[in-house]
Amino acid sequence: MWDNALPSFLIGLREGLEAGLIVSVLVATLVRSGHRSRLPHVWTGVLAAVGVSMGFGAVLTFTSAGLSGQAQEAFGGALSVVAVAFVTAMVFWMRRSARSFSGEIKEKVTAALNIGSGVLIITSFLAVGREGLETALFLWTTGQTAGESAGPLVGAGAGLLLAAAVCWALYRRVLHLNLTRFFTITGAALIVIASGVLGYGLRDLQEGGVLPGAAAYAFDLSGSVDSGSWYATLLSGTLNLTPQMTWLQIAAYGVYLAVVMTLFVRGVRGADASGAASSAAAAPRSTPVAEAPAPPPAITEAAAPRPAVAPGRLLPRWVLPVAALAAPSLLAGVLIAVGGSKPASAATIAVSPAHCGRGFTAPKPGRQSFQVRNSGSRTVEAYLIDPATAAVYGEAEGIAPGTTRTLIATIGGGSYAWRCVPTSGAAVTSVAVRVTGGGTVRAVLPVTERDLAAPLASYRAYVQKGLALLLTRTRTLQHDVEADQLDQARRDWLPAHEQYASLGAAYGTFGDFDAKINGTTAGLPDGVKDSGFTGFHRVEYGLWHGESAGSLARAARQLTAEVAALQKDFPHQDFDPADLPLRTHEIPEGTLQHELTGATDYGSGTDLATAESDIKSTRELLGLLRPLIHRRAPELPAAVDSWLRRTDQLVLSARRENGSWTPADKLPAATRQRLDGAMGQLLEELAPIPDLLEVRKSA
């Protein structure tokens, strides 16, 4: 973790200091000008900027999570390049602006005061928002580079806290800081770090298939350098130098570092020469004296050359910023060397078909971390298995050529081997090793599509039979409406809807048909009046809100037509067998979110009747999958059955003697709490099933 904290610490310190100085100048200017009442406008803009920056980070995270493995590599690589561009621009901008940005901010505040509070809010929002967006992008990029979020977040948090403390000290005049010198030192450090981020980003683009040369290595030291050692970890975490790098990475790293650092150093020398010339021609300036209780930040702007050691000081002025930058790096090295950020068993293990398991020796019992590297030319899936049964202890999917992943597994007594499964070609299993002691550890028996073929066939037959009954009931409902027998239609609506729910339609099981047959008003701009509001709930709304038979006839006919189309199309629909175990969890999850909250009640008050049908469909799926579940977790079916039964009893308690149902939002508070708690616990019991029955290529 600590090896990945330094780059984020540096960006957090620098960006936080930039934003903090801007806020300090804004506040000081308002206080000095007697406009303390305008301070809430500044904080409004600052908080809005922080919110937008956090939202931007969330968008990046959730966007990448929804992409395929190769697309994630391309997406991350592209944003790494963008982040480098932003950091480079920021470094050069602050080098030019460090001397004068305080005065520029004061001018903007003065202009804002003459126009209005809205402009002041926008001024603070834009000033801080830019730093926030840059920080969010760079943190997301470093998190992707590190492969974990703890280190970058800790580093960034420490940097931001230190920046806040420095800004407060500057504002209270207990600290003096030469901005030009500080931003010069941090700028040079960021250029070195950005060169590594650029190289890593280009590597991601190679692995994502955007750039060529993924297997053209400039050097490969992975056979002689342990990627889990403290020195390799520190170099990789801070500078993105790894034991194996392509020619494109090396070229980009060297060219960027040489060109950008040269331009940066020349700019610094030019600025120093210009500052010295102007100070020789101008009269000495004195630091402004505050005219209000809260003075402006005590920031020196390098107007004239100063001696290396100020009178009365024991240390040169450059010692503090250099120590602030060097201390985290030294601390990271010590912590990694002494404590180890990787377990001792983190020697690199090859997982290519040609060298599957090379470097693997008998690990120690306990929780271990393995560094698995694809030394081949094709993407592979790597599995740590029991060679006797092919049961899986741990897995790492989608390892691109030349990349290293961490695989964490708990090791007990028994035999262990590696299975390497390329995207094309036969799987290869390594030589087995035996571990003694450490107790026993249960591995997960792999599941193949063949194992799920019989349950899937039974499920399809169950649905096909259920669709025939559903079509009969929707036709009855349609006839009631067309015959203007709305009381009978209200009685026939629920059996038809219950039949549909019992088929287990959850999260797109029936594709586009589900939205047409059982869609809600969610996302529809005109709500219940929207033309896209169709199906059971559209008919429900009309029946319980006084619509005439004539206005409902079209919706009823459309519902029957969609059910008939689904019955015809279902035998030809593709159904991934791996989705079947997911349904056992997704159906009750949807029940908890929709039926138990009353969100899908459009007037009939029968949301709990639908919940009962959802439980029925979940029980049907569990029955089909029970043999597979029992082989992998013998105790799980009994626990699931127990909570399924409790939840079912609580739902059925809402059914009245005359057959009607108490709406979910009308249940006594205690009953609702028990029902929500039972459904939540049921979901907890069901949660392991998708992982237990995950289709693995290693089988």
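Author: Happy to! Helices (H or I, at least four residues) and strands (E, at least two) are DSSP runs, numbered from the N terminus. Buried means under 20% relative accessible area, exposed means over 50%, and partly exposed lies in between, with a 1.4 Å probe and protein chains only.

What you see is a predicted model, in which local features need pLDDT of at least 70 and side-chain atom pairs count only at pLDDT 80 or more, while totals for chains, interfaces and linings use all residues. Residues are numbered from 1 along each chain as its sequence is written, and side-chain values use heavy atoms, leaving out hydrogens and water.

The part I have picked is helix α12, which covers residues 486-501. Its 16 residues reach 22 Å from the first C-alpha to the last, close to the 22 Å expected at 1.5 Å a residue; that expected span is 1.5 Å times one less than the number of residues.

Which residues of α12 are buried? They are L486, A489, D492, W493, L494, A496, H497, Q499, Y500 and A501. An α-helix has 3.6 residues a turn, so residues three or four places apart point the same way. The cover over the buried residues of α12 includes α11, α13 (512-518), α14 (536-543), α15 (549-569) and α17 (607-632).

D484 has a positive phi, near 60°, although it is not glycine. Most residues other than glycine have a negative phi. With 54% relative accessibility, D484 counts as exposed.

Now compare A390, in the loop between β7 (380-386) and β8 (391-399). Its phi is positive too, near 65°, but A390 counts as buried because its relative accessibility is 13%.

A nonpolar core is a set of buried Ala, Val, Leu, Ile, Met, Phe, Trp, Tyr and Cys residues joined through side-chain atoms within 4.5 Å. The largest has 62 residues, and F510, I517, F536, L543, L608 and L693 have the most contacts inside it. Helix α17 gives the most to this core, with 10 residues. A second, separate core of 23 residues includes F370, V372, I399 and Y416.

Let's stop at V372, which lies in strand β6. V372 counts as buried, since its relative accessibility is 0%. Setting aside neighbours within four places in sequence, V372 is in contact with I349, V351, A396, I399, T403, T404, R405 and W418. T403 is 31 residues from V372 in sequence, yet the two C-alpha atoms are 8.4 Å apart in space.

Strand β6 belongs to an open sheet of 3 strands in the order β5-β6-β9, with mixed pairing; strands pair if DSSP finds at least two bridges between them. β5 (348-350) and β9 (404-411) are at the edges with a single partner strand each, so one side of each has no neighbour in the sheet. The average twist is 40° from one strand to the next, taken between lines fitted to C-alpha atoms, with angles from 0 to 180 degrees between N-to-C directions. β6 (residues 366-373) runs antiparallel to β9 and is joined to it by 8 bridges. Look for Q368, which stands opposite A409 in β9.

Strand β10 (residues 414-422) is mostly covered, with 8 of its 9 residues buried. It pairs antiparallel with β7 over 6 bridges, and E381 is opposite V421 in β10. Another antiparallel partner, β12 (residues 433-435), is joined to β10 by 3 bridges, with Y416 opposite V433. β10 and β11 form a hairpin with 5 residues between them, and G425 in the turn has a positive phi of about 110°.

Finally, zoom out: the protein chain has 20 helices and 12 strands, and 48% of its 699 residues count as buried.

Terms used
Contact means heavy atoms within 4.5 Å.
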